[in-house]
Amino acid sequence: MSRIWAGIDVGKGHHHGLALDMDGKTLLSRRVANDEPELLKLIGDVLDLADGREVTWAIDMTGGEPALLLALLVSHGQEVLYMPGRLVNRASDGYRGEGKTDARDAYVIADQARMRRDLRPIRPGDEAAIELKLLTGRRSDLVEDRTRAVNRLRGTLLSMFPALERALDVTNTGPLKLLTGYQTPAAIRRVGVARLTKWLANRKVRSARDLAEAAVEAAARQHTAVPGEKTIAKLVHTLAEEVMALNAHISEMDKLIEGRFREHELADIVLSVPGIGATLGAEFLSAVGGDLDEFDSPDALAAFAGVAPAPRDSGKVSGNLHRPATYHRRLQRVFYTSALVSVRYDPNSRQFYDRKRAEGKRHVQAVLALARRRVNVIWALIRDRRCYEVTPPMATAA
């Protein structure tokens, strides 16, 4: 059947839409505002050009700026393919001209959709998966902000009080609370172990005595005040409070994620897999769209997650495997992290890991092999709608 291909180059305020016929002839090329009336007009114009022919849309982003456009396309029952920006950039090198414009990118997207058969369709996903994607994305941002704040805190404290920076783990609540009250060696020496222990205990810090002794011991090792000590102490105080606030935000986000995740029909199945908790489970469901209907086999899911090696053979060299260039990084983290944790708690996973190590594989290789195996396990559990068991269920006699 005759078909039209429409490529969309996504932008923040505007998108560029371009439609091609089966011969690659441009039928429409237009810059449209990221606004519902203009987007609806673009969709309507492309459908009018189709005149009963099938229309396939292709886009270079799946979230953020094109969210409204994707919602409109889905509501109109349109088929939408996803072409990653990396592929667009590579494909552009094979087209005439060296300039880069939105219209040219839209043409490349549409033309590649016309010729390729390996582009992944974009499905709307269920409401829970969409919400989990938003929540886990926000949590990821908060974790990155906390990491930056912790690194700044460590660097600032190191510039004033190296012994205390070595003595404290500023990712924990107790040391952070200590730094909101006392920062300099002189201040910690003056307060002493007994008073500092009482001060920390009043703020419900665990192992207050041990923390106070470690801080006072560090203070006893430094009697010199560095230049700018007062200003540095204020910065340490501010950064410690910032890290504590981010910890609180992350805890609140974890509660929201767990509550929404447990409402999903697959939550119990996913949670039954050793090494997967609410956060990793939520990231798994958000990455796959709430179910596995999009994937034809465990191999397809493994390739999407980046835990199936891709061959790089050339000439007489064969069996040369490497990490694939295109994969879902957060989904790969789900499988790798859960595999790493499961080695400690699941005897089946430990047995598989030990076997791979005995075969000569390094630690990371063995964990990746286990992650690949877990793809098959999760696939089978979701297919059969049953939870994971350490001992496989006995076959029922006929």
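## A lysine to start with

Let's begin with Lys356, which sits in helix H15, the stretch covering residues 347-358. Is Lys356 buried or exposed? Its relative accessible area is 16%, and since the cut-off for buried is under 20%, Lys356 counts as buried. Setting aside neighbours within four places in sequence, Lys356 is in contact with Lys361, Ala366 and Ala369.

Two of those partners, Ala366 and Ala369, bring us to helix H16, which runs over residues 363-384. Helix H16 has 22 residues and spans 32 Å from its first C-alpha to its last, close to the 32 Å expected at 1.5 Å a residue.

## The whole protein

Time to step back. Keep in mind that this is a predicted model. How many helices and strands does the protein have? The secondary structure comes to 16 helices and eight strands.

As for overall dimensions, the C-alpha atoms fill a box of roughly 85 × 65 × 50 Å along the principal axes. The radius of gyration is 28 Å, whereas a compact globule of 398 residues would have one near 21 Å. Buried residues account for 44% of the 398 residues. The protein exposes about 21,500 Å², and 51% of that is supplied by carbon and sulfur atoms. Now take the contacts between residues at least 6 apart in sequence: 60% of them join residues at least 24 apart.

## One face of helix H3

Helix H3 covers residues 85-92, and its buried residues are Leu87, Val88, Ala91 and Ser92. Why do they line one face of the helix? Looking down the axis of H3, the buried residues fall within an arc of 135 degrees, so they share one face.

Phi of Lys204 is near 60 degrees, a positive value in a residue other than glycine. Lys204 is exposed, with a relative accessible area of 75%.

Ser207 is found in the loop between H8 and H9 too. Its phi is also positive, near 50 degrees, and again the residue is not a glycine.

## Aromatic pairs

The structure holds four aromatic pairs. One of them is formed by Phe284 and Phe335, an edge-to-face arrangement with 6.1 Å centre to centre and 80 degrees between the planes. This pair links distant parts of the chain: Phe284 belongs to helix H12 (residues 278-288), Phe335 to helix H14 (residues 329-345), and they are 51 residues apart. Both Phe284 and Phe335 are buried.

Phe295 and Phe304 form an aromatic pair as well, and this one is tilted, at 5.3 Å centre to centre and 45 degrees between the planes.

Key: Residues numbered from 1 in each chain as written. Predicted model: local features only at pLDDT ≥ 70, side-chain atom pairs only at ≥ 80, totals over all residues. Heavy atoms only, no water. Buried < 20%, exposed > 50% of the residue type's maximum accessible area, 1.4 Å probe, protein only. Helix = DSSP H or I, 4+ residues; strand = E, 2+ residues; numbered from the N terminus. Arc of directions from axis to C-beta. Expected span 1.5 Å × (residues − 1). Rg over C-alpha atoms; globule rule 2.2 N^0.38 Å. Contact = heavy atoms within 4.5 Å. Areas by Shrake-Rupley, 256 points an atom, 1.4 Å probe, with all protein chains shown as cover. Phe/Tyr/Trp six-rings, centres within 6.5 Å; stacked < 30°, edge-to-face > 60°.
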